[in-house]
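Visitor: I have a structure to go through. Can you take my questions as they come?
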Amino acid sequence: VAYHGSEGAYGHQAACQHFGVSRRPVALKGYSTLRQMLEAVLEGKAERGVLPLENTTAGSVFEAYDLLLRFNLSIVGEEIVEVRHCLLGVADVPLDSIRRVHSHAQALAQCSEFLDEHSWEQVPSASTAEAARHVRESGDAAQVAIASEEAAAQWDLHVLRRDIANSPLNYTRFV
């Protein structure tokens with residue numbers, strides 16, 4: 001099963017939720033872009049792909065709809081994932097020591113009210129989990145990521161703040 005991002009990404013969570021009840025073992029593989037993920041399905045490198053279509057706070061994922069129009073794929077199921085954005089860092093530091101926040105553009109938009117309270121540089125990443133990986137690899141306590149608690153566990157990061165999205169009702173629909 002192909003998904004966008006890496007372990008700890010919301011796409012990875014959707015794949016685990018949807019295919020985790022399977023009676024046979026399921027291998028999951030992350031891809032850097034939605035296009036690469038769907039191409040893997042078309043080329044037979046994956047039997048299924050997990051594609052985000054819409055989010056309750058950020059709206060439609062237009063790139064996903066565009067790709068569905070281009071590729072001859074069928075939707076065979078859906079999964080709704082609760083999105084609970086957290087602020088993650090390599091150390092438990094005060095927020096005023098942070099200089100830069102990394103995340104997927106959708107996550108940055110979904111947390112705009114929290115981010116507006118701070119003067120941090122916002123750096124878009126390919127996925128929330130990739131942002132978490134980048135922060136871990138940088139080792140810089142002045143850089144943080146917005147990602148899931150699962151991404152914090154995957155990349156051994158501290159959760160500095162939980163539930164920082166603009167809306168407490170934040171869900172993404174994957175197909």
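Visitor: In which sense do β8 and β9 pair, and over how many bridges?
Guide: Strand β8, residues 100–104, pairs with β9 in the parallel sense over five bridges. Strands here are DSSP runs of E of at least two residues, and helices are runs of H or I of at least four, numbered from the N terminus. Two strands pair if DSSP finds at least two bridges between them.

Visitor: What am I looking at, a predicted model or something else?
Guide: This is a predicted model, where local features need pLDDT of at least 70 and side-chain atom pairs count only at pLDDT 80 or more, while totals for chains, interfaces and linings use all residues. Residues are numbered from 1 along each chain as its sequence is written, and side-chain values use heavy atoms, with hydrogens and water left out.

Visitor: Back to β9. What stands opposite Val 123 there?
Guide: His 102 does.

Visitor: What is the strand order of the open sheet?
Guide: The order is β9-β8-β10-β7-β11, five strands with mixed pairing. β9 (121–125) and β11 (158–161) are the edge strands, each pairing on one side only. From one strand to the next the twist averages 35°; axes are lines fitted to C-alpha atoms, for helices over the stretch in contact, and angles run from 0 to 180 degrees between N-to-C directions.

Visitor: Which strands does helix α6 lie across?
Guide: Helix α6 (residues 128–138) lies across β7 (86–89), β8, β9 and β10 (143–147). Helix α6 runs at about 155° to β10.

Visitor: Is Cys 111 buried or exposed?
Guide: Cys 111 is buried, at 0% relative accessible area, whereas Cys 16 is partly exposed at 35%. Buried means under 20%, exposed over 50%, and partly exposed in between, with a 1.4 Å probe and protein chains only.

Visitor: And Asn 55, where does that sit?
Guide: Asn 55 is in strand β4, residues 52–55, and is buried at 7% relative accessibility.

Visitor: What does the side chain of Asn 55 make a polar contact with?
Guide: The side chain of Asn 170, at 2.8 Å. The Asn 55 side chain also reaches the backbone oxygen of Tyr 171 at 3.1 Å. A polar contact is a pair of N or O atoms within 3.5 Å; within protein, one must be able to donate a hydrogen and the other to accept it, and residues adjacent in sequence count only if both atoms are side-chain atoms.

Technical notes. Contact = heavy atoms within 4.5 Å.
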